[in-house]
Amino acid sequence: MSRKKKNDKDALVVKSNYLVEACYRLTLTEQRVILYMVSMINQIDEDFKLYRISVSEFIGILGIEDKDAYNQIRQVTNSLREKGLNIYDPKTDSLLNIGWLSSSRYFTGKGYVELRFDPGLKPYLLQLKARFTSYKLENVIRLDSIYSIRIYELLMQYWRLGERTVKVADLRKLLGITGNEYALYGDFKKRVILTAQAELAKRTDLYFTFTEIKTGRKVTAIDFTITVKTPEPTEARIPPINVIPSKEPTTPTQPPDIAALVDMLPPEHRGKKTIMDALTAAYKEHGKDYVAYNIRYANANCKEKAKYRAFLAKALKEHWGAGFAEDLEAVKQADQKRSAPKKKEDTAMHDKELYDRAINYIANLKAKDKKKLEAEALKTLPIEQQEKVRAGNTYALKGLTHVMEGLVIERLSGQGG
């Protein structure tokens, strides 16, 4: 039996990158339950356990009312038994369709439920030593959008590179958005991308900006620039896994940069030796950014999967990605230029609001408090200016007023405006 303390801020979610890139669609409550279960896994576990979650924990996870807790718990556990996901395995060039849970048991009158992951998910959740993504549960458990959680994972996977380019069609597929839902890119951008951008910046240890890449007049891909707020993401702090070494030869662990670059490749090409050799050689000679831009160029421009290997090798050799990098930079600069007037306008408006508040604040001060402020402002003036104020000089008194306003504005700014 595996249990977990409620509100454990150190709880980690650790997933194979193949699971991060799986295609599925869960409701917000279903995602929260799955993430909570994943955080209960011990990294030395060799098999899934029964994960017991109490009603009180469910209430905290789902943010539900006590009186409706039992009904909602039954609903979410039943629906999770019916929900599945698709995981692509590049080693076998196969697509695994699998359910999340193998069983769920609700104990009437005892106040808890026992859940177990499907055994087929073991390679993607247990004893992960390479090609995984990890983060603190607290970063996502309170997000309000189902898309924010998935986008957080997809970007955290690339935090070492600081950028990730995803085709709009591929992102829709990963997020489980099908048919006519957000068919117009403007709706997709507003409801999915911008919502996630605002939520992640406010509630998680990661934030992003993005550049739209167009084919003609149509936005076909999004280039995310990723920034992690904490100096050291949780991935580096996962405790070591103490297991008995296998008698079979093992593949040396890839350097973090190489592993991150491999994740940029289409899944079906990640295990091919010729591609790995070309990628590693280019990395040693030219560095991470050089390889990253050429992979992104190949991903965006190679139309035939069968020719991808040769296409990428040529791109790495001749640096076809240089033009891609320049184009992205040009688009970013154009976006910055367009947004500059708006930022200037916002700054001016903010400054005016602060000034108006300062005037109102001073006008409503009691006589003794206003005297204190005047005395404080007076001390900042040169001696000759102070004497003019005491003599009642009109211009000097106006200058004193401006200093008082400046002191109040400074205080208001220090309080967050």
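This briefing describes selected helices, cavities, pockets and residues of one structure. The model is predicted. Helix 8 covers residues 185-203 and bends by about 25° at Leu194. By the rule applied, there are 2 cavities of 30 Å³ or more, and the second largest pocket has a volume of about 1400 Å³.

**Helix 8**

- Helix 8 consists of 19 residues, and the distance from its first C-alpha to its last is 25 Å, close to the 27 Å expected at 1.5 Å a residue.
- A bend of about 25° occurs in helix 8 at Leu194.
- The buried residues of helix 8 are Phe188, Val192, Ile193, Ala196, Glu199 and Leu200.

**Largest cavity**

- Of the 2 cavities of 30 Å³ or more, the largest has a volume of about 40 Å³.
- Its lining is made up of Tyr24, Arg25, Leu26, Gln31, Ile146, Tyr147, Arg150 and Leu175.

**Second largest pocket**

- The second largest pocket, with a volume of about 1400 Å³, is lined by 45 residues.
- Nearest the centre of this pocket lie Lys167, Asp170, Pro266, Pro267 and Asn299.
- At least two lining residues come from each of strand 3 (84-89), strand 8 (163-167), helix 7, strand 9, strand 10, helix 9 (256-264), helix 11 (288-301) and helix 13 (321-363).
- Helix 11 is the element that gives the most to the lining of the second largest pocket, with 6 residues.

**Arg52 in strand 2**

- Arg52 belongs to strand 2 (residues 51-54).
- Arg52 counts as buried because its relative accessibility is 18%, and the limit for buried is under 20%.
- The side chain of Arg52 forms a polar contact of 2.9 Å with the side chain of Glu114.

- Lys272 lies in the loop between helix 9 and helix 10 (273-286).
- With a relative accessibility of 26%, Lys272 counts as partly exposed.
- The side chains of Lys272 and His269 make a polar contact at 3.1 Å.
- Although Lys272 and Lys91 are 181 residues apart in sequence, their C-alpha atoms are 8.9 Å apart in space.

**Positive phi in loop residues**

- Asp93 has a phi near 50°, a positive value in a residue other than glycine.
- Asp93 counts as exposed because its relative accessibility is 56%, and exposed begins over 50%.
- His319 likewise has a positive phi, near 55°, and is a residue other than glycine.
- His319 is partly exposed, with a relative accessible area of 29%.

Definitions and conventions
Residues are numbered from 1 along each chain as its sequence is written. This is a predicted model: local features need pLDDT of at least 70, side-chain atom pairs count only at pLDDT 80 or more; totals for chains, interfaces and linings use all residues. Side-chain values use heavy atoms; hydrogens and water are left out. Helices (H or I, at least four residues) and strands (E, at least two) are DSSP runs, numbered from the N terminus. Buried means under 20% relative accessible area, exposed over 50%, partly exposed in between (1.4 Å probe, protein chains only). A polar contact is a pair of N or O atoms within 3.5 Å; within protein, one must be able to donate a hydrogen and the other to accept it, and residues adjacent in sequence count only if both atoms are side-chain atoms. The expected span of a helix is 1.5 Å times one less than its number of residues. The bend at a residue is the angle between axes fitted to the seven residues ending there and the seven starting there. On a 1 Å grid over the protein atoms alone, a cavity is a set of points where a 1.4 Å probe fits but cannot get out, and a pocket is an open set with protein on both sides within 12 Å along at least five of seven lines; lining residues have an atom within 4 Å of a point. Grid points are joined across faces, edges and corners, and a volume is the space filled by probe spheres set on the points.
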